[in-house]
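This report covers a cavity, a set of paired strands and a loop residue. The structure comes first.

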Amino acid sequence: MHILYGGTFDPVHHGHLRLALEVSERFGNVPVHLVPCYIPPHRGETGATAAQRLRLLELAIDGEPRLRIDDRELRREGASYTADTLRQLRNELGPDVPLVMVLGTDAFAGFDLWKEWQQIPDLAHIVVVRRPGTLLDPEGEPARLLTERGGEAVDASARASGRVIELDPPWLDISATGVRERIGRGRSPRYLVPDNVWEEIRRLGLYGACPVKNF
């Protein structure tokens with residue numbers, strides 16, 4: 001089984017990391033590959049460069065073998081489309097290896113706006129992590145997809161793709177937007193991001209942080 005969790009990670013925070021570990025545990029401690037995107041199709045410019053975001057990810061997962069980085073979207077450059085990444089991975093893994101992609105209900109709610117979204121369930125299982133306060137339109141395509149393809153975590157190992165699986169792990173209500181705004185206002189994001197990530201943000205002066213040596 002191959003699990004990927006994509007995002008901008010601008011910056012990576014404890015919510016991302018805890019969620020990735022929860023997913024890993026639900027699937028028998030299979031490693032989760034964090035896939036930072038180069039240019040997110042549905043938002044503006046990132047606050048940190050691709051190289052800086054990758055460096056923060058490397059610091060964040062240091063010492064945790066269940067979390068790994070796949071930087072293919074950064075190396076590919078251009079707009080990062082999930083369908084392209086999944087197609088590339090499917091070609092590498094072959095037709096029989098279960099491939100799992102992870103996203104929150106907020107992202108899944110707009111799934112039918114994604115490029116080639118109809119092709120994605122044929123390439124991978126979709127794990128939808130329930131996020132408090134986000135509901136699917138019962139008449140929308142994502143809700144229909146969940147009804148038609150809904151399954152359990154154990155179903156993902158039995159076939160290569162095709163299931164939509166809901167998970168409801170403990171959720172740390174942290175957003176990268178909130179972290180950036182807090183830093184921009186001169187407030188500390190300590191305990192929202194790993195200490196070594198915050199130290200690097202301050203060293204680089206990212207998101208409006210004042211570069212200083214100590215916490």
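## Cavity

The lining of the largest cavity consists of Gly15, Arg18, Leu19, Pro170, Trp171 and Leu172. The model is a predicted one. By residue class, the lining of the largest cavity holds four nonpolar residues, one polar residue and one charged residue. Arg is classed as charged and Gly as polar.

The space in the largest cavity is about 40 Å³. One cavity of 30 Å³ or more is counted.

## Strands and crossover

Strand β1 spans residues 2–7 and pairs with strand β4, residues 99–104, in the parallel sense over four bridges. Within this pairing, Val102 of β4 stands opposite Tyr5.

Five bridges join β1 and strand β2 (residues 32–36), again in the parallel sense. Here Leu4 has His33 in β2 as its bridge partner.

A right-handed β-α-β unit is formed by β1, helix α1 (residues 14–26) and β2.

## His13

His13 sits in the loop between β1 and α1. Is this residue, His13, buried or exposed? The relative accessible area of His13 is 3%, and because buried means under 20%, His13 counts as buried.

Beyond its neighbours within four places in sequence, His13 is in contact with Ile174, Ser175, Ala176, Val179, Leu192 and Val193. For one of these residues, Ala176, the C-alpha atom is separated from that of His13 by 6.9 Å, although the two residues are 163 residues apart along the chain.

Definitions and conventions. Residues are numbered from 1 along each chain as its sequence is written. This is a predicted model: local features need pLDDT of at least 70, side-chain atom pairs count only at pLDDT 80 or more; totals for chains, interfaces and linings use all residues. Side-chain values use heavy atoms; hydrogens and water are left out. Two strands pair if DSSP finds at least two bridges between them. Helices (H or I, at least four residues) and strands (E, at least two) are DSSP runs, numbered from the N terminus. A crossover is right-handed if, with the strands pointing away from the viewer, the path from the first strand over the helix to the second runs clockwise. On a 1 Å grid over the protein atoms alone, a cavity is a set of points where a 1.4 Å probe fits but cannot get out, and a pocket is an open set with protein on both sides within 12 Å along at least five of seven lines; lining residues have an atom within 4 Å of a point. Grid points are joined across faces, edges and corners, and a volume is the space filled by probe spheres set on the points. Buried means under 20% relative accessible area, exposed over 50%, partly exposed in between (1.4 Å probe, protein chains only). Contact means heavy atoms within 4.5 Å.
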